Structures are given as structure tokens and as C-alpha cells.
Amino acid sequence: MIYLQLFLSFFQIGLFSFGGGYAAMPLIQGQIVKIHGWMTMSEFTDLITISQMTPGPIAVNSATFVGLRVAGYAGAAIATLGCVLPSCIIVTVIVRLYLKYRKQDVLQEFLGGIRPAVVAMIASAGVSIFVTAVWTGIDMISLAGTKWNLVVIFAVSVVLLRKFKLNPVWVMLLSGAMQVLCEVGTFLLS
């Protein structure tokens, strides 16, 4: 039964996650944290971090990691298949239709219309992950409960990515090193 749940959950994610891996994050979060409880929000945040650091699409990496955790290697294979199968089917159909109707204004207007929804999905996932990282959750947001070292790491990361165009892998490694230094500093001061 768990194999069927994994397949259907990630099939649904693969079917409805338009706009790439970041746009799929709210769907993945909904399935694995809220609906099935396979992970906590904190574990989900770690999953996204690991999925971002490893080669390949975030949704596929997430499916593989969740499947492995929930049901071993078979679960990893089934969840991954569930995640990629809808894309294979949809892309095949869309390419045929797009090649036939690509000059139609209605198609171009539709594609332009879904862009804001994709941006909103990405922003929603980013806010959820930020809140979990800096506070313990949406119910626990307070100035006193803010993890200021993580806010500083976030700000430095944004500057490194946007202003200096540093490779995201280097930014993640540097961010991890900054957090380790903060922990060591806290330990030495106590």
C-alpha cells in the first residue's frame, strides 16, 4: 500500500507542478508534510536543501529521497517514476500541440497568464522555508525568537547570489560554514 501511496503522491506532484522544481515545493510540502506526515517541516527544509545541492531536478531528487526514507530502494524507484511519468506524457502531448498551434494568440496569452501563478507558488515555498529556518514556524514568529545568525546568513547569501553572481553551490557551502562558525563561537563563549 505504501508503494501505491508514494506513486500516486508523486504522480500528482509531477502532474500539477508547472514551472519547475521550485514551483513544485508547495505541492511536495503538502503531500509529504501535511497529508501523509512522512516528514516534519524541519525535515522538509533539509530535504529541499539536499535536493538543491545534488545534481538533477529538485522534484525528482525529493521523490527519490522521500521514497528511500519511507520504503527503501523500491520506494525510491516508485516515487521517482511517479514524479517523472506525468512529465513524459504531458511533454509528448504538448510538443505535438505546440508545434501545431504555436502561432495562435490565445496560446501565447495563456502562457503569459500562468507566469504570475508560478511566481506566486515559488514565493510561497520560499516564505515557508524562510519562516521555518529563522523561526520554528508561522505560529512562533517573534522578534525575540528570531535566529539572527540565520537572518545574516540569508542576507549574505542573497548578496553573493544577486550582486556577485556566485555559484549557488559555493553559496550553500559558505552558508553552512558560517553556521558552523556561529555554533563554534556560541560554544566557546558559553
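Helix H5 is the leading contributor to the lining of the largest pocket, giving ten residues. In this predicted model, that pocket holds about 1,400 Å³ of space, and 35 residues line it. Thr49, Ile129, Phe154, Ser157 and Met172 are the lining residues that lie nearest the pocket centre. Besides H5, the elements that give two or more residues to the lining are H2, H3, H6 and helix H7 (168-189). Sorted by class, the lining comprises 21 nonpolar, eleven polar and three charged residues.

Two packed helices are described by the angle between their axes and the distance between the axes. For H3 (residues 41-53) and H5 (residues 105-134), the axes come within 10 Å and cross at roughly 115°. The crossing of this pair is left-handed. On the H3 side, the contact is made by Met41, Ser42, Thr45 and Ile48, which meet Ser128, Ile129 and Thr132 of H5. By class, this contact has three nonpolar and four polar residues, with no charged residue taking part. Ile129 links the two parts of this picture: this H5 residue belongs to the contact with H3 and is also among the residues nearest the centre of the largest pocket.

Along the principal axes, the C-alpha atoms fill a box of roughly 65 × 45 × 30 Å.

The protein averages a pLDDT of 90, and 99% of the residues score at least 70. Confidence is highest in helix H6 (residues 148-162), with a mean of 96, and lowest in helix H2 (residues 21-35), with a mean of 87.

Technical notes. Residues numbered from 1 in each chain as written. Predicted model: local features only at pLDDT ≥ 70, side-chain atom pairs only at ≥ 80, totals over all residues. Heavy atoms only, no water. Axes fitted to C-alpha atoms, helices over the stretch in contact; angles between N-to-C directions. Helix = DSSP H or I, 4+ residues; strand = E, 2+ residues; numbered from the N terminus. Left-handed = near helix turned anticlockwise from the far one by under 90°. Contact = heavy atoms within 4.5 Å. Nonpolar A, V, L, I, M, F, W, Y, C, P; charged D, E, K, R; others polar. pLDDT = per-residue confidence, 0-100. 1 Å grid on protein atoms, 1.4 Å probe; cavity = no way out; pocket = protein on both sides within 12 Å on 5 of 7 lines; lining within 4 Å. Points joined across faces, edges and corners; volume = space filled by probe spheres on them.
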